Amino acid sequence: MARAAIPGRLTWQAGRVVDLVDETARCKSLVLELADWRGHRAGQHVDVRLTAEDGYQAERSYSIASAPEDTHVELTVARLDDGEVSPYLTDELRPGDELELRGPIGGYFVWESSQGGPLLMLAGGSGVVPFRAMLRHWAADGRDVPARLLYSSRTLEDVIYRQELERLADDGADVQLTLTNQWPDDWQEHRGRVDPKLLAEVAWPPHQRPLVYICGPTGFVEAMAETLVQMGHEPAQIKTERFGPTGT
Amino acid sequence: MDALDGNAIAGPLFEHFGEEMTTTVGTCAHCGTRSQIAELVVYTRAPGTVVRCRHCANVVMALVPIRGELRADSSAFRMEQAPDEP
């Protein structure tokens with residue numbers, strides 16, 4: 001049933017692609033201009049809807065990669081070879097094209113500088129996307145808060161935002177990478193999956209009550225959250241977001 | 001396929017209830033566990049979406065699109081400050 005737009009309702013709007021940025025061989029960032037964007041908080045996401053000529057529609061949810069302070073809304077999309085939506089977004093979309101989306105959505109997996117910290121972010125693969133928004137927000141408005149990102153990636157080539165993460169580290173964020181599948185011979189950072197020993201090194205002790213955000217594939221998120229709770233962190237201090245192919 | 005969490009259905013729930021829902025707290029009618037919607041277990045690949053309690057794994061919500069409109073049965077998740085059903 002058609003329903004008129006009501007203030008506060010979530011309505012679909014058109015976003016114009018102003019730029020496309022290759023992040024890795026598989027990931028691309030979409031820089032969007034939205035005429036009717038009411039702002040967002042770091043960690044929120046949008047739903048993107050594609051409509052085929054025959055009317056078939058597919059919806060997917062993507063984390064917002066840009067900070068509230070940024071001019072444009074950015075999404076970073078990982079291409080899934082058997083995906084219905086992501087190959088179009090990464091391969092077919094061109095600057096000037098329009099994309100239908102709604103948002104911002106979600107109020108749970110959100111960090112605002114006023115919440116303080118310490119801020120601990122644990123990313124598995126493209127789970128780093130909402131943390132780019134949080135770290136940009138931190139750089140703009142929260143640098144007095146200790147912030148640490150532990151980012152688990154298969155290889156160095158799969159690391160999204162590598163140069164920007166280096167700049168954020170220069171600004172005072174503690175950015176640590178672990179490579180799980182292969183690493184350069186001279187690799188100085190962590191190797192292998194995040195295990196309890198590494199997590200204990202990286203996480204602040206429970207009595208410092210870090211705000212913990214975990215984003216990644218389901219297995220990664222659950223392993224990290226369970227280990228932190230076993231270490232004595234309060235479940236209420238740990239926020240999780242699992243990603244995977246979703247849709248309607 | 002791995003289960004997701006309530007963040008994955010934030011859009012459809014907003015569409016259905018008319019407000020942001022992922023931080024809404026409710027109680028599982030089966031086991032009494034209190035949680036936020038974002039913390040629930042979500043399966044999106046069933047016909048429709050099935051939402052389960054993370055503690056007891058019983059179904060607490062089901063979302064099914066019927067002719068373009070989302071029907072939601074959330075009777076087994078007793079929400080505190082639940083919005084009015086549309």
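This is a predicted model: local features need pLDDT of at least 70, side-chain atom pairs count only at pLDDT 80 or more; totals for chains, interfaces and linings use all residues.
Along the principal axes, the C-alpha atoms of chain A fill a box of roughly 55 × 40 × 30 Å. Buried residues make up 41% of the 248 in the chain. Of the contacts in chain A between residues at least 6 apart in sequence, 72% join residues at least 24 apart.

Where the two meet, 16 residues of domain 1 of chain A are in contact with 14 residues of domain 2 of chain A. On the domain 1 side of this contact in chain A, eight residues are nonpolar, five are polar and three are charged.

Next comes a sheet. Six strands of chain A form an open sheet in the order β4-β3-β6-β1-β2-β5, with antiparallel pairing. Strands β4 (57-63) and β5 (73-78) of chain A stand at the edges; each has a single partner strand, so one side of each is left without a neighbour in the sheet. On average, and with direction ignored, neighbouring strands of this sheet are turned by 40° against each other. Strand β3 of chain A, residues 45-51, runs antiparallel to β4(A) and is joined to it by seven bridges. A:T51 has A:Q57 of β4(A) as its bridge partner.

A helix from the other chain packs on this sheet: α1 of chain B, residues 10-17, touches β3, β4 and β6 (98-105) of chain A. The direction of α1(B) makes about 75° with that of β6(A). Helix α1(B) is largely enclosed by the rest of the structure, because seven of its eight residues are buried. These buried residues are B:A10, B:G11, B:P12, B:L13, B:F14, B:E15 and B:H16. They pack against β3, β4 and β6 of chain A, together with β6 (59-66) and β7 (69-73) of chain B. After α1(B) comes B:G18, whose phi is positive, near 80°.

Within the sheet, strand β2 of chain A (residues 27-34) includes A:V31. How many other C-beta atoms lie within 10 Å of A:V31? There are 20, and A:V31 is therefore buried, as 20 or more is the cut-off for a buried residue. Leaving aside neighbours within four places in sequence, A:V31 is in contact with A:V18, A:D19, A:V21, A:H72 and A:E74. A:H72 lies 41 residues from A:V31 along the chain, yet their C-alpha atoms are separated by 6.3 Å.

Finally, the contact between the chains takes 21 residues from chain A and 20 residues from chain B. On the side of chain A that touches chain B, the elements giving two or more residues are β6, α5 (218-230) and β12 (238-243) of chain A. Strand β12(A) gives the most to this side, with three residues. By class, this side of chain A has six nonpolar, 10 polar and five charged residues.

Conventions
Residues are numbered from 1 along each chain as its sequence is written. Chains are lettered from A and ligands numbered from 1 in the order in which they are written. Helices (H or I, at least four residues) and strands (E, at least two) are DSSP runs, numbered from the N terminus. A residue is buried if 20 or more other C-beta atoms lie within 10 Å of its own, exposed if 12 or fewer, and partly exposed in between; C-beta atoms are placed from the backbone. Two residues are in contact if their C-beta atoms, placed from the backbone, lie within 7 Å. Two strands pair if DSSP finds at least two bridges between them. Axes are lines fitted to C-alpha atoms, for helices over the stretch in contact, and angles run from 0 to 180 degrees between N-to-C directions. Ala, Val, Leu, Ile, Met, Phe, Trp, Tyr, Cys and Pro count as nonpolar, Asp, Glu, Lys and Arg as charged, and the others, Gly among them, as polar.
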